[in-house]
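The following paragraphs lead through one protein model, beginning with a single residue and moving on to a sheet and its salt bridges. Please keep the sequence and the structure in view while reading.

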Amino acid sequence: MQAILGLMVALSVPVADADEPAGAAVVDRIETVEFESSGSRLVGDLYLPDGVSATAPAPGVIVTGAWTTIKEQMPGLYAMKLAERGFVALAFDFRTWGDSEGASRSVEDPEAKIADIEAAARFLAGRADVSEVHGFGICASAGYVATAAERSDRLSRIALVAPWLHDAEIVRQVYGGDDGVRSLLGTAEQAAKAEAETGEPQLIPAAGPPGSDAIMAMDGYYTDPERGAVEAWENTFNLRSWSGWLTFDGVRAAPGIRQPTLIVHSAAAAIPDGARSFYAQLTAPRTQLWLDDVGQFDFYDRPDVVRTAVEAAVEHFRPEAALESARVVRAKSAEHARIETVLDLLASLVDRGDDGAVGRILADRVRLDYTSLWGGAPSTLDRDEVLASWGGLLPGFDATRHEFGDYQLEISGDRALATGNGTASHWLDQEVWTVGGRYRWTLERRDGLWRITGLTFDARHETGPRSLVARATERAASRAE
């Protein structure tokens, strides 16, 4: 499944290749703990570093893993590594999974898992040896941790590693379009009905070799006993799970999150566009780290990748980082942050072809100036005319990626001027045309919302065949007929 292309320029760094970091702590013990969530008993492993006590508390971290997984898989590995860095780390089994209770088995229920994270946060915050609680979500559970943070202030900070963050559009792309999604939802409905009638959950393998009936039919982490195919894992998936999974929107929570947020991901891992869209919509202090050529399963247990992600989280969670984020927030006004969010959204939404959402961040009239690229003269268009202009070209490409950054802003009352660097890449039939240069946006605040009133592009470099534009225009027109 090929993920859609992303939107923002992010830091790209080599993966660390050092041995254990300096200052690593000794994990004193691992306790089996129990707590309740919505009437179900949940079981977890609590990793406790040496020296932590009621008189010397340490920050706590809730570590959650990929869909269908249990505490003995990647959550336990990351919990151990975080405990070695001085954190009280909890890896637990969600209800219906592993050692935890639940009315059925192996149900990937986002709402239930979000509630379980909230229960874990209450449990950890109630311990005298824990000073504060952070959230650390891997893959699918990144969306659950993010939503739990949106709903409650009990989590102080969150880190999302290799996050699988989908919305309705990404779901359609990954699961075979509207027909594919509709079919899976029908499967879920039939499975729920069968379980209600027979009392037996409708289970299939969660993972298996290529060509099998498993939902993850591929070699790698989940099929290797030395990696994720641990003895305690049931390796089952309840077919009624499709209902909650396909209708869950992990990106939606981003604007409402107040906690400082870290994303660690790679363009070579799962649906990076979802992570970029989520990051673009964050209004809280945010940090992202993008690794080169790291696959999704690499994040689960490859030592150098795990070490890099843990080190980024340690930097994010430590008190010194909290103070630095506070300084950044004070230095940058809320209006600056809101304007940068609008510009980030413009890049993301244009690439996704979401005309309705793009229209909501455009003013009624917009001045466009592409004369440095095409010649002619600037034009001032109604919002619908702007959308029609872009819609007559961009959908004709296989994919596009607009990247904005290095913003400089001037705000005067309800008007603002923003400038920044940017590139726009356009793919068609395995060819790519890219232009880059300096952007200039004008914005106006109405009813408390900033909307774009003007866009000027000063082209400074270009690669690839410009002839792709004419071909894309023809294709877009033919699709519109």
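A284 is found in the loop that lies between α7 (272-281) and β13 (286-291); helices (H or I, at least four residues) and strands (E, at least two) are DSSP runs, numbered from the N terminus. The model is a predicted one, in which local features need pLDDT of at least 70 and side-chain atom pairs count only at pLDDT 80 or more, while totals for chains, interfaces and linings use all residues. Residues are numbered from 1 along each chain as its sequence is written, and side-chain values use heavy atoms, with hydrogens and water left out.

Is A284 buried or exposed? A284 counts as buried because its relative accessibility is 8%; buried means under 20% relative accessible area, exposed over 50%, and partly exposed in between (1.4 Å probe, protein chains only). Apart from neighbours within four places in sequence, A284 is in contact (heavy atoms within 4.5 Å) with I257, R258 and Q259. The C-alpha atoms of A284 and D93, which are 191 residues apart along the chain, are separated by 29 Å.

We turn next to a sheet. Six strands build an open sheet with mixed pairing, in the order β15-β14-β19-β18-β17-β16; two strands pair if DSSP finds at least two bridges between them. Its edge strands, β15 (379-382) and β16 (399-412), each pair on one side only. From one strand to the next, the twist averages 20°. Within this sheet, β14 (residues 362-369) and β19 (residues 449-463) run parallel and are joined by four bridges, and R367 stands opposite G454 in β19. Helix α14 (residues 383-391) lies across β14 and β15, at about 50° to β14; axes are lines fitted to C-alpha atoms, for helices over the stretch in contact, and angles run from 0 to 180 degrees between N-to-C directions.

The side chains of D382 and R365 meet in a salt bridge, at 2.7 Å from N to O; the term denotes a side-chain nitrogen of Lys or Arg within 4 Å of a carboxyl oxygen of Asp or Glu. Since D382 belongs to β15 and R365 to β14, the pair ties together parts that are 17 residues apart in sequence. D382 is partly exposed at 34% relative accessibility, as is R365 at 45%.

In the whole structure, a search finds 40 salt bridges. In one of them, R41 joins E101, with the closest N and O atoms 3.4 Å apart. R41 lies in β3 (residues 40-49) and E101 in the loop between β5 (88-92) and α2 (110-125), so this pair ties together parts 60 residues apart in sequence. Finally, D364, R383, R415, E444 and R446 are linked in a salt-bridge network.
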